[in-house]
Amino acid sequence: EMKRSDLVISSKVFWPMSDNINDRGLSRKHIFESVDKSLTRLGIDYLDIYYCHRWDEQTPVEETARAMSDLVQAGKVLYWGTSCWEADQIDAAFKSAPSWSGHRPAVEQPRYNLLDMHIEESIMPFCAKNGIGFTVWSPLSQGILTGKYNDGAPQGSRGKETKWLENDMTESNLNKVRVLGGLADELGISLAQLSIAWVLSHPEISCAIIGATSVEQLKENLGASDVTLNDDTLAKIKEIMS
């Protein structure tokens, strides 16, 4: 029953969609064909945000930026952004647009959480300086920051069935997560809410992408938006993670 204007719907383009050489990357051809397919699948007329999901070494950045800008001009996309790009790569796209009066990238979608703060070094300062927002993914480090792996990976869990978490699921990190859990208990909130609230406490962050396997889990995660962490709590978190 929600109106389309009340929703922010995004999609992204880069990874291969078939074995066809033209069905991948950030070429003008792939971008244009991909957005039309996405709009058809979603049954909508436009995307609010369209992300270039990884840097494409095989396509000139101006070609990519022009294609995305043309989609904005055509009304198929309202804003375009980057995803998992480095600061100098975003800068290259950002600087190319004025020369042909194009639309610049408006948002970056990086990984960001208490166990992965890499964007703070150069990506976050650059984007903040240039008015580029952040929609971050994996605010719970794929479940590690919920405490579910504190005693090892349960059978059937992502940590047990894949190798995606092996770099983050170290004993050092798990010890920090256990201490964070104690702090969350003191505050009367869940560890997941503490972790998401920490991400949202940064003014540079526009929103955090969350996942859920049940309605209860979704409600718990959404509850983080009502949590305000004071300076004392933020200092304690920084000390724990240092």
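Strands (E, at least two residues) and helices (H or I, at least four) are DSSP runs, numbered from the N terminus.

A word on the basis of this picture: the model is predicted, so local features need pLDDT of at least 70 and side-chain atom pairs count only at pLDDT 80 or more, while totals for chains, interfaces and linings use all residues. Residues are numbered from 1 along each chain as its sequence is written, and side-chain values use heavy atoms, leaving out hydrogens and water.

## The neighbours of E3

Strand E2 (residues 47-53) runs parallel to E3, and 6 bridges join them. Two strands count as paired if DSSP finds at least two bridges between them. One of these links brings together tyrosine 51 and its bridge partner in E3, glycine 81. Between E2 and E3 the chain passes through helix H2 (residues 61-74), making a right-handed β-α-β crossover. Right-handed means that, with the strands pointing away from the viewer, the path from the first strand over the helix to the second runs clockwise.

E3 also pairs with strand E4 (residues 107-109), in the parallel sense, over 3 bridges. Together, E3, helix H3 (residues 87-96) and E4 form a right-handed β-α-β unit.

## A look at serine 138

Now to a loop: serine 138 lies between strand E5 (133-136) and helix H5 (158-161). Serine 138 is buried, with a relative accessible area of 10%. A polar atom of its side chain lies 3.2 Å from the backbone nitrogen of glutamine 142.

Leaving aside residues up to four places away in sequence, serine 138 touches Arg111, Tyr112, Asn113 and Ile209. Contact means heavy atoms within 4.5 Å.

## The whole chain

The protein chain has 9 helices and 6 strands. Buried residues make up 45% of its 242 residues. Among contacts with a separation of 6 or more, 71% join residues 24 or more positions apart.

Along its principal axes, the C-alpha trace spans about 55 × 40 × 40 Å.

How values were computed
Buried < 20%, exposed > 50% of the residue type's maximum accessible area, 1.4 Å probe, protein only. Polar contact = N/O pair within 3.5 Å; in protein donor to acceptor, adjacent residues only side chain to side chain.
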